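Hello,

Here is the structure I promised to pass on to you. Have a look at it first, and then read on for what was found in it.

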Amino acid sequence: MSIATPAPPRSGSFETAQHDQGTEVKKRKKDVAPTTEDRKRFANISYWAIGWLTMAHLIALTAPWTFTWEALAVTLVLHWMAGSLGICLGYHRLLTHTGMKTYSWVRYFFTTIGLLAGEGTPLDWVADHRKHHACSDQEGDPHSPRDGAWWSHLTWLAFHTHNGDRTAYLKRWAPDLYKEKGMRVLDVLFLPAHIAVTGILFAVGYWWQGMDLAISMVVWAMFLRLVTVLHATWLVNSLSHMWGYRNYETTDDSRNNWLVAIVAYGEGWHNNHHAYPRMAKHGHRWWEFDITWQAIRLLRVLGLVWDVVDYRTAAEKKSAEEAKGAT
Ligand SMILES: [Zn+2]
Ligand SMILES: [Zn+2]
């Protein structure tokens, strides 16, 4: 891995753009709030997130003493479902970037799986991520490594991203989803849904082989799975903005990182993604394997998604369609 280009200055390009755009200056300046400094206040600490993430990590640490092969198998399947189908496909490429069209029930199916990845509600996740794209590695980015590697990976979650007024924040960054009743329902189901899945895993384990497997299922398939998916997603925010190569000269520090691409189901081709955010296909070169893209291709073949953004530009779309028509 190599760093192809030096990082742009802390706020140089952003400020230059502001000076050039007159009245646009005030608008953009207002839109980037709250900044990292604004957020780091005692009153803005998210005790809920700290409690949730600490609990998940502590329970996951008991994994070596609760191992079973059965639970491992269930863990691997749920890891792929939550990480790839829920977060990468559902929350990220479908909800945040609308990289494809689909039926409402399919959209809610993937959103619900995303909810069960423990990364927060769809409204918060989408709002934070859209703001990340709008302010990437500039003032207002919720999780830039320029504010510290650990900050971008984990500690940014210890403070609310909305700085006190969550409704205003969601209306600003995810107005389309905020208007949807279904998304608002899922918003309040975060904790009940996780309690329900924990109960189901415990019950299945107990019914299958008794108390040992019940505990193993909860520790492995629920909490270890949750923690490992979380870190995979967080690596996209941290490592893929620090180490790797660049296919495109974007104004942020995004990198293509093969290790993150493996553990985060294709999301590690992050420089490609920052260059073309709506493109549902994150691997742009032949060796950039993106397993979530393979799932999207399958869904397209099955007729469950359509109008998939698998092109960079209108010209690229046109020539692909012409090539398809010629065969
Ligand atoms: Zn990024
Ligand atoms: Zn994105």
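Let's begin with one residue: leaving aside neighbours within four places in sequence, Asn272 is in contact with Asn247, Tyr248, Asn256, His282 and His284. Contact here requires that the C-beta atoms of two residues, placed from the backbone, lie within 7 Å. Asn272 sits in helix 15, residues 270-275, and is buried, having 25 other C-beta atoms within 10 Å. For that label, a residue is buried with 20 or more other C-beta atoms within 10 Å of its own, exposed with 12 or fewer, and partly exposed in between, with C-beta atoms placed from the backbone. Arg285 is 13 residues from Asn272 in sequence, and their C-alpha atoms are 9.6 Å apart in space.

A word on the ground rules. This is a predicted model, in which local features need pLDDT of at least 70 and side-chain atom pairs count only at pLDDT 80 or more, while totals for chains, interfaces and linings use all residues. Residues are numbered from 1 along each chain as its sequence is written, and chains are lettered from A and ligands numbered from 1 in the order in which they are written. Helices (H or I, at least four residues) and strands (E, at least two) are DSSP runs, numbered from the N terminus.

Two packed helices are described by the angle between their axes and the distance between the axes. The axes are lines fitted to C-alpha atoms, for helices over the stretch in contact, and the angles run from 0 to 180 degrees between N-to-C directions.

Helix 5 (residues 69-96) packs with helix 6 (residues 104-115). The angle between these two is about 125 degrees, and their axes are 7 Å apart. That makes helix 5 oblique to helix 6; angles under 35 degrees count as roughly parallel, over 145 as roughly antiparallel, 65 to 115 as roughly perpendicular and the rest as oblique. The crossing of helix 5 and helix 6 is left-handed, a term used if the near helix is turned anticlockwise from the far one by less than a right angle, with right-handed for clockwise. Among the residues that meet here are Met81, Leu85 and Leu89 of helix 5, and Arg107, Phe110 and Ile113 of helix 6.

Which residues of helix 6 are buried? They are Phe110, Thr111, Ile113, Gly114 and Leu115, and they pack against helix 5, helix 7, helix 11 (181-188) and helix 12 (190-209).

Helix 7 (residues 122-134) also meets helix 5: their axes come within 10 Å and cross at roughly 60 degrees. These two helices are therefore oblique to each other, and their crossing is right-handed. On the helix 5 side the contacts involve Tyr91, His92, Leu95 and Thr96, which meet Pro122, Trp125, Val126, His129 and Arg130 in helix 7.

Helix 5 packs with helix 13 as well, at an angle of about 35 degrees and with the axes 9 Å apart. This crossing is right-handed. The residues that meet include Leu72, Leu78 and Ile87 in helix 5, and Trp220, Leu224 and Val229 in helix 13.

**Helix 13 itself**

Helix 13 covers residues 211-237 and reaches 38 Å from its first C-alpha to its last, close to the 39 Å expected. The expected span is 1.5 Å times one less than the number of residues. A kink of about 30 degrees is centred on Leu224, where the bend at a residue is the angle between axes fitted to the seven residues ending there and the seven starting there. Helix 13 is mostly covered, with 19 of its 27 residues buried.

**Backbone points to look at**

Most residues other than glycine have a negative phi, and most peptide bonds are trans. What is the peptide bond from Ala33 to Pro34, cis or trans? It is cis, with omega near -5 degrees, and Pro34 is in the loop between helix 2 (24-31) and helix 3 (36-39).

Thr98, which is not a glycine, has a positive phi of about 45 degrees. Thr98 lies in the loop between helix 5 and strand 1 (101-102) and is partly exposed, with 13 other C-beta atoms within 10 Å. Asp307, also not a glycine, has a positive phi of about 50 degrees. Its place is the loop between strand 2 (305-306) and helix 17, and Asp307 is exposed, with 11 other C-beta atoms within 10 Å.

Enjoy exploring it!
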